[in-house]
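Reader: I would like to go through the salt bridges in this model. Please start with the terms.

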Amino acid sequence: MEKVLAAVRVGPSNTEFREFPVPAISEDSALLKMEVAGICGTDVKLYQTPPSNAPVIMGHENIGYIAKVGREFSQRKGLKEGDLVFVEHYVMCGKCEWCHLGQYRHCENTDWRYNPDAVRFGYTSAEKPPHLWGGFAEFMYLPWNSVVHKVPKGVTPELAGLVTPMSNGIEWSLFDGGVGYNSTVLIQGPGQQGLSQAVICKQAGAALIIMTGTSKDRARMTVAKALGADFVIDVETEQNPLARIMDITSGRGVDVVLDCTAGAGVFPVLLGVEALKRKGGTIVVQGEMAEFPNFPIAKVTVKFITIKSARGHSYKACELALEQLASHRFPLENVTTHTFGLKDVDLAIRSVGGHGIPDVIHASLMPWK
Ligand SMILES: [Zn+2]
Ligand SMILES: [Zn+2]
């Protein structure tokens, strides 16, 4: 092996295949042989509208085998060659308050929005040596400050490909939303993210899980029911989704709303505010609209609503997600619907975005396929 083949995003919806030299592995680094790079809605967005003109090897939900490891890296992480691992996309500084809390997602070292030198797998420019900063490639470079989790025995690389949406599910619904025993929950959007939330809420003891989607989500709604959703509502055909939610909850509304929609505008937040219980509900949002005209701030105040921002996952959430996958308690194979080879990366991303192969829920890019 002399060269590493990678899919490089060179412009909006434009991929080029390039070869890079195999990086030298020092005492404190490692080389990852890629097995699965999960593709999510963020990839769809970043592929269509790249945040910069830099060439980027995308792929931020990465599972692979340690192919080569320096002595120090091996000692520090407790890993050896041949270990199957999940690599968080956050590359930490290791020194700040957030890093010490296991909340690498907030570390400045990985904050690509504000720090031009930030390192994040799937985001960092391929011009920066040693170039292999993304999972849409045969190999990925792991510096000393990568955050790596060992994949438990009995979890296949493909199943482990779900660890990112599952860990987000734990972070958003349990840690942020406070979902637990007897909670009532409204999950909006039955994509891989929403479905993962349903599993986590069910496992945590939620008494009622309502999931909303649109008419194109019919197949996903069937999977949602198999994974624990008690009621599914098609907000396109249902004349009054709010009335239906109130009917299901005997007029009480829900404790927690989780917005897992993409590109649905202000609707999910407006429905969520209305659907929350009379006082003290929590809504976890991830909208990225620059503006929200006529935001119902008075209602939020009067209903004593807590709004929280959905922002990735912590170290603990990843570990719990891996344990959840290892339990095989839920038929999560129904979520990992499609796999694609490296050459089909463009089709894979388009399909996740709803413009390629139909009925994709979770797609795995497998670079050696
Ligand atoms: Zn993602
Ligand atoms: Zn830090």
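Author: A salt bridge here is a side-chain nitrogen of Lys or Arg within 4 Å of a carboxyl oxygen of Asp or Glu. This is a predicted model, in which local features need pLDDT of at least 70, side-chain atom pairs count only at pLDDT 80 or more, and totals for chains, interfaces and linings use all residues. Side-chain values use heavy atoms, without hydrogens and water, and residues are numbered from 1 along each chain as its sequence is written.

Reader: Which residue forms a salt bridge with Lys-45?

Author: The closest N and O atoms of the pair are 3.5 Å apart. Helices (H or I, at least four residues) and strands (E, at least two) are DSSP runs, numbered from the N terminus. Lys-45 sits in helix 1, and its partner, 243 residues away, is in the loop between strand 12 and helix 10. That partner is Glu-288.

Reader: Is Glu-288 buried, partly exposed or exposed?

Author: Buried means under 20% relative accessible area, exposed over 50%, and partly exposed in between (1.4 Å probe, protein chains only). Glu-288 has a relative accessibility of 45%, so the residue counts as partly exposed.

Reader: How far apart are the closest N and O atoms of Glu-288 and Arg-311?

Author: Arg-311 lies in the loop between strand 13 and helix 11, so its pairing with Glu-288 ties together parts that are 23 residues apart in sequence. The two residues form a salt bridge, with the closest N and O atoms at 3.7 Å.

Reader: Which residues are linked with Glu-288 in a network of salt bridges?

Author: Glu-288 also forms a salt bridge with Arg-113. The residues linked with Glu-288 in the network are Lys-45, Arg-113 and Arg-311.

Conventions. Chains lettered and ligands numbered in written order.
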